Every structure is written in structure tokens, then in C-alpha cells.
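Thanks for asking me to look over this model with you. Please have the sequence and the structure open side by side while you read.

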Amino acid sequence: MSLPSSTSSAATTPRVLSGIQPTADSFHLGNYLGAVRQWVALQETHETFYCIVDLHAITVEHDPALLRGRTKVAAAQLLAMGVDPERSTLFVQSHVPEHAELAWVLGCLTGFGEAGRMTQFKDKSAKQGAAAATVGLFTYPILQAADILLYSPEPGPGERVFHVPVGEDQRQHLELTRTLAQRFNHRFGDTFVAPEAYIPEGAAKITDLQEPTAKMSKSASSPQGIVDVLEEPGPMRKKIMRAVTDTGSEVRYDEENKAGVTNLLRVFSALSGTPIPDLEKRYEGTGYGQFKKDLAEAVLDTFTPIRERALALLDDEKQLDLTLARGAERAGEVAARTMELVRDRVGFVGRGR
């Protein structure tokens, strides 16, 4: 895949950047339906940069060997789910050192109170306790802004469109990114495109199978409430069959009164492409048993081939490493051009050659 220059291709093709943390042994159903499936679709319409954000993963205590392994597992899953390294730039964040360099520059433009107002820092530091919260956790949103702005389309003629897929929990961070882009531009000249939030069509809000009013999450869900992409078929089927429903037996979409069934309907609709009203008609009068059985089959039909492809990719570690190295090289070319401009605008002395 060739990288665009600052001429017509960059001006006509919108660019997108998104990242995912390698903090678990497997992605889950919510990651797939809420994000990664949309990443795959965006390859058709955007110039796509997808990043495994391992620098973010060390803002909390971690095991180095586990992080290293999970980073490769994350890459294998993204490829198995349909991220195409010929059409997308797939790379590991720490392979491109400009992420950390730009984070420092942006940190010097960010007010202490501004950073302290970030909701996720408040939530995570409250859970860990103030003594355990690190400076890295505090500056996490600034690094995230750097992740995004490194891949901002270059200054030049024509329309420059820059999208970042976000959920509601990331909107505040994206607003900080926009603020920092505009602040840098105001002080040092036109450099960054302020990114726009992008809500892809078909992104599904998936909740915990046992606590259907809570988001499916590796950090919050119980083992029975979360369906892992790399899970064996037997346990995966059992989790669907044991998912919390509601009193009664009517398969009906009702977020307030039937949160469990509503969540399962969203999953079924997203996986099968069948509109929810059609599913309601299909299972009218049948009860939950047949509905869950068919849903389990849809889940297995989706994730069994993904699991097999991911495991095959992990078996060929040399090729996987090569794929990530190529992605880092392409990402690094864009990041280097951005940082060359940033260094000049800020007033750093260029390195003589």
C-alpha cells in the first residue's frame, strides 16, 4: 500500500485513525461488534491507520511477558477479523517513537486542570486509589491526542477530512484532541486537522450477558458475562444459553423493561443482518429457548472461523512480526513527516546531516 503525499490523494480520501489496547488474552463480542467490524468496513472508504496501543497498556501495573504476548494476539485477531494489511496500516504503537515525542509537545500545551478534568482518569484513579495512580494514567489523554494527530492529513490545498471512530466514553478525549490541535495551530501555524468524531453505521452497543444494564468490559464484566472471540465453542455456547433474560417469555425489544432480551436481540441482529422487528416476528410465541439456541449458532458461525484464522496466524510468528514491521514502517513515514513539521513550527533546531 502506498502512502499518500500531500497532494490530491490525501485531499480526496478521508483518513481514519483508531486504536485498541492489548490488555486481555482475547477481544470480546463487544469489541468486535462495537468497533473492529466497522474498522474492516472503513477500509472501503477511508485511508485507514489501526494501532495496537501498547504504550497505553502500561499506565497500570502489568507483566512484560504477558503484554508482549497479548500484543501479538491482538494483531492476529485484527487480521483474522478482516483488517487487511494491504489496505490498512496496522502497527504497534511503541514501534513508532514519534507517538511519545508528540505527546510531550502536546503535554506542554495542556493545562493541569484541563487534564485533571478527564472523566476516565477520575474513574480509574478512584478505583486504584490516589497512591496507585501514575503520571502516565494522568497524561493518558494527551498521548491519545498524539496518537491521533500524528496521522493528521498534511497541510495543503483541498479538503482535508480526518475521522476518529469513537464511543460515548471517548468523546471527552476527542474534544481534548480537537482543542490541542486548534491551540497548536493558533500558536504555531496551520499544522493539524482537528479530527471529527465518526460513528460508523452498524456499531452495536453490547452489554454484559449477566448484567445487561452494564457495558461488556474486560475490566468490569464477570467471566460469564463476557464472550471472548478466541473462546472454545462449548463455553461460548453455554454463556449464550445462560445469558440473563427477563421475567416472561416474550422476545421483544424493550430497553427499559427487558434489557437482557434487548441486548441479545442487538447481538443477533448485528451478526445475522436481520432487522430486530423481523427477529421479534420470527420468535413470536416461541419463548427464549429456541431464540437463544439460534443466537448461539450465529455467534459460533461468526467466531469459529475467526478463532481458527487467528490461531493459524499466531503459529507463524515470523510472518506476523513481518506484517507488523511493515505496518510500523508505513506509519513511521507519516509520523516522521508530521514530527518534522512540528519540530520546525515549535522552534527546535534541526539535526545537521
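Here are my notes, point by point.

1. Ground rules. This is a predicted model, in which local features need pLDDT of at least 70 and side-chain atom pairs count only at pLDDT 80 or more, while totals for chains, interfaces and linings use all residues. Residues are numbered from 1 along each chain as its sequence is written, and side-chain values use heavy atoms, with hydrogens and water left out.

2. The chain as a whole. The secondary structure comes to 14 helices and five strands; helices (H or I, at least four residues) and strands (E, at least two) are DSSP runs, numbered from the N terminus. Of the 353 residues, 49% count as buried, where buried means under 20% relative accessible area, exposed over 50% and partly exposed in between (1.4 Å probe, protein chains only). Among contacts (heavy atoms within 4.5 Å) with a separation of 6 or more, 75% come from residues 24 or more positions apart.

3. The sheet. Five strands form an open sheet in the order β3-β2-β1-β4-β5, with parallel pairing; two strands pair if DSSP finds at least two bridges between them. β3 (88-92) and β5 (196-198) each have a single partner strand and stand at the edges, so one side of each is left without a neighbour in the sheet. From one strand to the next, the twist averages 25°. Angles here run from 0 to 180 degrees between N-to-C directions, and axes are lines fitted to C-alpha atoms, for helices over the stretch in contact.

4. Strand by strand. β2 (residues 47-52) pairs with β3 in the parallel sense over five bridges, and isoleucine 52 has valine 92 in β3 as its bridge partner. β1 and β2 also pair in the parallel sense, over six bridges; here serine 18 is partnered by tyrosine 50 in β2. β1 is mostly covered, with five of its six residues buried.

5. Helix α14 against the sheet. α14 (residues 317-346) packs on the sheet and touches β1 (15-20), β2 and β3, its direction making about 105° with that of β3. Arginine 330 lies in α14 and counts as buried, at 14% relative accessibility. From arginine 330 to serine 88 the C-alpha to C-alpha distance is 9.8 Å, across 242 residues of sequence.

6. An exposed proline. Proline 97 sits in the loop between β3 and α5 (98-107) and is exposed, with a relative accessible area of 58%. Alanine 336 is 239 residues away from proline 97 in sequence and 9.3 Å away in space, C-alpha to C-alpha.

7. Arginine 309. Where does the side chain of arginine 309 reach? The side chain of arginine 309 reaches the backbone oxygen of alanine 80 at 2.8 Å. These two residues are 229 apart in sequence and 5.3 Å apart in space, C-alpha to C-alpha. Arginine 309 belongs to helix α13 (residues 288-315) and is partly exposed, with a relative accessible area of 42%.

8. Helices α11 and α13. The axes of α11 (residues 259-272) and α13 come within 10 Å and cross at roughly 40°. The two helices are therefore oblique to each other; angles under 35 degrees count as roughly parallel, over 145 as roughly antiparallel, 65 to 115 as roughly perpendicular and the rest as oblique. Residues that meet across this pair include Leu264 and Phe268 in α11, and Phe291 and Leu295 in α13.

Notes. A polar contact is a pair of N or O atoms within 3.5 Å; within protein, one must be able to donate a hydrogen and the other to accept it, and residues adjacent in sequence count only if both atoms are side-chain atoms.
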